[in-house]
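Please take a moment to look over the structure below before reading on. The paragraphs that follow lead through a few of its parts, one after another.

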Amino acid sequence: MAELQKERREEEKLPATLPAIAIRDVVMFPHMALPLSVDRPRSVAAIEQGLKAGRKVLALTQKKPQVNEPDAGDLYQYGVLSEVAQSLKLPDGTMRVFLQGLRRARVKSLSADGENGAFMAEVEYPEEKPEKGPEATALMRHTMEVFEQYVKLGTRIPGDSVSLLAQVEDPSRLADTIAANTPFNPPERQDLLETEGARERLEKLLKMLAKEIEILDIEQKIHSRVKSQIEKSQKEYYLNEQMKAIQKELHQKDDLAKEVDELKKKVKQAKMSKEAEAAAEKELQRLSRMAPFSPESTVSRTYLDWLTALPWSAETKDVIDIEAARKVLEADHFGLKKPKDRVLEYLAVAKLTQHLRGPILCFVGPPGVGKTSIARSIASAMGRKFVRMSLGGVRDESEIRGHRRTYVASMPGRIIQSLKKAGSRNPVFLLDEIDKMGTDWRGDPAAALLEVLDPEQNREFTDHFLDVPFDISQVMFIATANTLYGIPVSLRDRLEIIEFSGYTHNEKIEIARKYLVPRQLSEHGLKPQIFGADDAAIDAAIRGYTREAGVRNLEREIATLARRAARRIVEEKLSSVRVTAANLHDFLGIPKFVQEKASPNGVGVATGLAWTENGGEVLTVEAVGVPGKGELMLTGKLGDVMKESAQAAFSYVKSRDFAPGAKIAAANFHVHVPEGAVPKDGPSAGITIATALASLVSGRPVRPDVSMTGEITLSGRVLPIGGLKEKVIASFREGVKTVLFPKANLKDLEDVPAEIRKGMRLLPVSHMDEVISAVLAPAGRTRGASRSSARR
């Protein structure tokens, strides 16, 4: 009862109107002590009026602290009735005061005093109902626990604050005291001040404390992580400095510092381009700051090793002596007049212009004809290094341009690797099997080669791994291919094609006698007086054991002769072994190829000529007729182009009256090309198929010892074909001495060796009428009943 009366007496003493001061960045709470520096004239006047009227003022917080002269609208409507416990007036007119918060107050109206500009507030005091009971007690205890956890995490509140708050029994005072001692932002503190109910105030306070605890927990984790990293870095720095000091005293350097110094010397000695030297110096700076055994340092070392190992300025001096080059080429290769002449022309131009920039040579021809070996001879004749890169089966663009350093175990492309291996920036660089490249999802290597083989672009060839330009314009690139079909058109445009044809029979004998036999004698430890093979034996080996445009298989057979001769000499204690045509089969076994009659031509059978990657081939076309409806059937694993050519030949034969009275529409015709397992394609068998069908329909046999090649049209015209030289050589090799070929190919006869032209009858034709009259025997001159009845 006494406490209630005391409260009522206090309420009766609470002023309804009192001066108000605006404070910035701080929210006043009941029971809170606040030292304050007052420098605004309006606030100083309000303090002075409050001192005269019972030392009471109203503390209101500004909404925007940056406003220097706030109006009534710039202040919150809730404040705290405060007592001016202490005050001090300074000479400059400002004041230092100490406020003690007493009670919440809600502003009813706020106006400025006309005399001194001080705010005068008419206020009312919210009624504070006491909160008692188990729920209030539990809420207070929980708030204290959360606040204690907050104090442990934070460093802004002294630890003894918790013990002082434990003595507070009033929920409202507890909430206000905690809010006053917690560094919430002003809007959140103002929200707590305006919450009149103690329970609601405690619940809001709990949410704010939980949020702050979560933030402090994250801050502590970040701080711990950063601290551990800093401690580790400081420890490493301290140890490194100690080690440097020790090494300095001992006049030593650590391994990484030594390696960096060595790399710096290599960079200077390499005489790189400006771009490469700048990149190397930048990488050296990065390496010097890295940990010695980190993965990044390994990548950096590898990069610098490649940069310093490349021949940026190292090159061989060209020896451009045309006569010496001719001797080298003639000593290493037999025949090949056209390629040799082109190489000598290339060197002559280089001698006059003093540089070797120009078209990229591409040697195209069957296997074993000397494409790779003549490239080696060019390097030898010029005094240059020789490197070879096989492109067969390459499908990845990175094989040419290299991998980027972002990938694990990345490496430069094979162009840069080969130049490093050569140790010279101007070698003879052989791109072998350029027609065997592939394409997949990893890119097109042929497109990457466009930059390599373009004289205008390869001056600044950029490998993905190096990432700096490297000049490869001084490199002499030579490409090889078996056919032109596998080379993309855009890449073929950058190449100068030099075709290598197959060797003739006599050329093979000369090559074997001058080159292959001496080489195999040397490789097998034999001498000419111990082992020998006469020309007849070599001739028999070529005819019975090889069938190719080059001499690769022939060299294998000669190697077999040398091995078996060596075994006989060792086992049988022989003084010498001589191989002749008579005992050749004792060394090589049964012949692989049997020399049949020159031509199987007859009724419905004609001999054609084909071109393959291995040179020219002779093929037979057979045709038979059976009762039917005038249809054509083709067998022998023929390609689409050859099938279309056969249809054109069939239509031509049906359009002509080769056998008056013959009922072509009442018969089906079957055309077969033997060796059915071997794929065949191309249009050059057109006149051969037409001749076989015309022979079958007319019953006139095809003359023996005749072969032919040419594309046919529906009107019977004979169109030009390719590979005439190889086809004529094949016909000569098989003993077929008469060859019909398109008249448009007369210009290609120059490529046929003179010795073959002399021993053959070469007939140019422009129409099928000429072919029929030249190859079909007159009616009635058939070769046996079986042939004459084939058309029936």
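Leaving aside its neighbours within four places in sequence, which residues is L632 in contact with? The model to be read here is a predicted one, and in it L632 touches A646, Q647, F650, F669 and V671 once those sequence neighbours are set aside. L632 belongs to strand β18, which covers residues 632-635, and with a relative accessibility of 17%, below the 20% cut-off, L632 counts as buried. Between the C-alpha atoms of L632 and H767, which stand 135 residues apart along the chain, the separation is 23 Å.

We turn next to the nonpolar cores. The largest nonpolar core has 52 residues, and those that touch the most other members are F363, I378, M476, I478 and F531. For F531, again leaving aside neighbours within four places in sequence, the contacts are L521, L526, L561, A562, A565, V577, R578 and V579. A second core, separate and made of 51 residues, includes M437, F470, I472 and A479. In soluble globular proteins, nonpolar side chains tend to be buried together.

Within α2, the residues S43, V44, A45, A46, I47, Q49 and G50 are buried, and what covers the buried residues of α2 includes the strands β1 (17-23), β2 (33-38), β3 (56-61), β4 (78-89), β5 (95-112) and β6 (119-124). Just after α2 comes G54, which takes a positive phi of about 80°.

Methods: Residues numbered from 1 in each chain as written. Predicted model: local features only at pLDDT ≥ 70, side-chain atom pairs only at ≥ 80, totals over all residues. Heavy atoms only, no water. Helix = DSSP H or I, 4+ residues; strand = E, 2+ residues; numbered from the N terminus. Buried < 20%, exposed > 50% of the residue type's maximum accessible area, 1.4 Å probe, protein only. Contact = heavy atoms within 4.5 Å. Core = buried A, V, L, I, M, F, W, Y, C linked by side-chain atoms within 4.5 Å.
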